[in-house]
Amino acid sequence: MSNDDPVLFEIRQSHLNTGLRGIPVGTCRTSAVSPESGVSYGGYPVAELAELPSEDVIHLLLMKRLPTPLEAKAFAADLRRRASVPPKVFELLAALPREGHPMEWFIAGLLYLGMTGKTGDWMEDALNCIARTSAIAAAIFRIRGGWGDPIPPRADLAYAANFAHMLGAPEAHAQLPELLRFFHVLHMDHGGGNLSTFTGKAVASGHADVYVSLAASMASLYGPLHGRANQECLRFVKEVGTSEKPKVEAYVRKLLADGGKVFGFGHAVLRKEDPRAKVQYAFGEKHFANDPLVRTALALREIVPPILMENPKISNPYPNVDAVSGSLLHAAGLKDDNYYTVLFGWSRVVGIAAQIVDERVHMRDGKGVPIYRPRYVAEGQPEKHLS
Ligand code: AMX
């Protein structure tokens, strides 16, 4: 380190055992999270990207630019070409215990794909893995959920529409493919330091392959404090159980008085309503205005922020990305919230894979980030001897 190397952060004793919170550890080439404007990918606000096909945004995160129309067509065709999975992976899924959480199934599926189809090239494996996770995620819904055998992809459908087709959800609403398209885009990436992304990059820093690294990142996403938030938010909306505003207000005030959390509100970084929530609320208002859960979520959007503002400790009283996503998925026919983290994982695999490629192939002028090795300070271990 040279003397003209600027100091970004001063580590103090009080920073220890805080989960690296706020401590800069690297640079991120895919996305940024601003307290005022929320997430952007490659500089584009995510709410604008939510209008694009998944394939264009996958291209943006991996190649660091949006494709031209010609490139977009070729890239979408390339992903479709890579999408087939060995049929035996479905036998593996069918043999897994139903008691296993869908995320445990997803992790098993990723590991199987890696055992059968890796090339050892970071970008190739990232592309293959992104192309193939749709079949795995859809098969988990079908096999574990008892919907029937996996449905093969179609050559004429775009990425997200194909996923909706492979899901074959028995109660699917006509808007499900469109909901899945922008859900996918909105959840693909979220800066470099969220737990699942950090885990995936850390595992890849030991030169484990893309599949194993993504499986590890999905293990991080599985936790209730991370990827299970949209499931928890839907459960909260169900508990509120009404969209009548005085009743919603009374429910929220009692919950807070009892020390509870208003799920779907607040954020560690953002200080405004999450633009990802805005996109989803607009969709809910347009297509599901009569759905009871969506109506409750819309009532909460109006009623909760002024109440949370009464507590000066709360840094952000506004809705976050999970405030309405579960209610929309439910309204569109995906009723079982146990599967929602798989949808989050299906999306987040894109950003994590892109960041793994960056750390392995681009950082430090192509040398890559070395194996992760933060320092831990020994505690409570005075020198001792056996005799
Ligand atoms: N309801 C009740 N209390 C809340 C609150 C909420 N929605 N949001 C924040 N607070 C409380 C915190 O618990 C904390 O209390 P404490 O000092 O007694 O521990 C205090 O306000 C200050 O918290 P903060 O600095 O505003 O937020 P944070 O960075 O510590 O936590 C978050 C952020 C998301 C965990 C928190 O807002 C929360 O628990 N929200 C509800 C759960 C939720 O919606 N989770 C989904 C997160 C979405 C996501 O990021 N994926």
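How many residue pairs are in polar contact between domain 1 and domain 2? Let's walk there.

This is a predicted model, where local features need pLDDT of at least 70 and side-chain atom pairs count only at pLDDT 80 or more, while totals for chains, interfaces and linings use all residues. Residues are numbered from 1 along each chain as its sequence is written, and side-chain values use heavy atoms, leaving out hydrogens and water.

**Stop 1: the two domains.** Select 40–225 together with 338–362 for domain 1, then 229–331 for domain 2; these bounds come from an automatic or database domain assignment. Their centres, taken over C-alpha atoms, are 27 Å apart.

**Stop 2: the interface.** Here 19 residues of domain 1 are in contact (heavy atoms within 4.5 Å) with 20 residues of domain 2. The two domains bury about 1,700 Å² between them, 69% of it on carbon and sulfur atoms; buried area is the accessible area (1.4 Å probe) that two parts lose on being put together, summed over both. Now select Leu 179, Leu 186 and Tyr 340, which lose the most area on the domain 1 side, together 33% of what that side buries. As for our opening question, five residue pairs are in polar contact, both residues at pLDDT 80 or more. A polar contact is a pair of N or O atoms within 3.5 Å; within protein, one must be able to donate a hydrogen and the other to accept it, and residues adjacent in sequence count only if both atoms are side-chain atoms.

**Stop 3: the ligand.** Show Lys 261, where a side-chain N or O atom is 2.7 Å from a ligand oxygen. Next, select Asn 320: one of its polar side-chain atoms lies 3.0 Å from an oxygen atom of the ligand.
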